[in-house]
Each structure stands twice: as structure tokens, then as C-alpha cells.
Amino acid sequence: MASRPLTFGIRYSEKGRTVRVRASKRDASRYVVEVSRRGEKSRRQEHGSLTEAVRDFAAAWRSRLH
């Protein structure tokens, strides 16, 4: 089965907090999860697979509740 890189991104935003998933600019087979808040330094993490990136995205989005 052919594997294609993510051709779109994921972005959720609420009350000044944004969580994004996108393909890495350096390596098309890697994905970047970025969590940013207004007035704070953003956190970026690279993942080797889309599954890991989406899992991290979900954990970061759920953590806004705490």
C-alpha cells in the first residue's frame, strides 16, 4: 500500500491556545505538533509517524481541561 504524507494540517484554537499538526518542512515523512498560547513560548515536538503526532495532538488538546 502506498503511503502519502499529510497534505493538510490540523488546528484547534480556544481561548488563546492553539494546537497544530503539520508536515515537517525539513522531512516530509515527519510531523510537527505545536502548542502555543498568547504571550508564551510555543512548544514544538517532531514525530516519526502521523499516528504518534495525532496521539500527541489529542493529549495536548485534552490537557487544556486541567
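Student: In this predicted model, does Phe57 count as buried or exposed?

Tutor: A residue is buried when its relative accessible area is under 20%. Phe57 has a relative accessibility of 8%. Because that value falls under the cut-off, Phe57 counts as buried.

Student: How is the ring of Phe57 oriented towards the ring of Tyr12?

Tutor: The centres of these two rings are 5.3 Å apart, and the planes of Tyr12 and Phe57 stand at 75 degrees. Planes over 60 degrees apart count as edge-to-face. The pair of Tyr12 and Phe57 is therefore edge-to-face.

Student: Is Tyr12 buried, exposed or partly exposed?

Tutor: Buried means under 20% relative accessible area and exposed means over 50%, with partly exposed in between. Tyr12 has a relative accessible area of 42%, so the term for Tyr12 is partly exposed.

Student: What kind of pair do the rings of Tyr12 and Trp61 form?

Tutor: The ring centres of Tyr12 and Trp61 are 5.3 Å apart. Their planes are at 80 degrees, so the pair is edge-to-face.

Student: Which element supplies the largest share of the largest nonpolar core?

Tutor: This core has nine residues in all, among them Val19, Tyr31, Phe57 and Trp61. Strand S2 (17–23), strand S3 (31–37) and helix H1 (50–62) each supply at least two of its residues. The largest share, four residues, comes from H1.

Conventions:
Residues are numbered from 1 along each chain as its sequence is written. This is a predicted model: local features need pLDDT of at least 70, side-chain atom pairs count only at pLDDT 80 or more; totals for chains, interfaces and linings use all residues. Side-chain values use heavy atoms; hydrogens and water are left out. A nonpolar core is a set of buried Ala, Val, Leu, Ile, Met, Phe, Trp, Tyr and Cys residues joined through side-chain atoms within 4.5 Å. Buried means under 20% relative accessible area, exposed over 50%, partly exposed in between (1.4 Å probe, protein chains only). Rings of Phe, Tyr and Trp (its six-membered ring) pair if their centres lie within 6.5 Å; planes under 30 degrees apart count as stacked, over 60 as edge-to-face and the rest as tilted.
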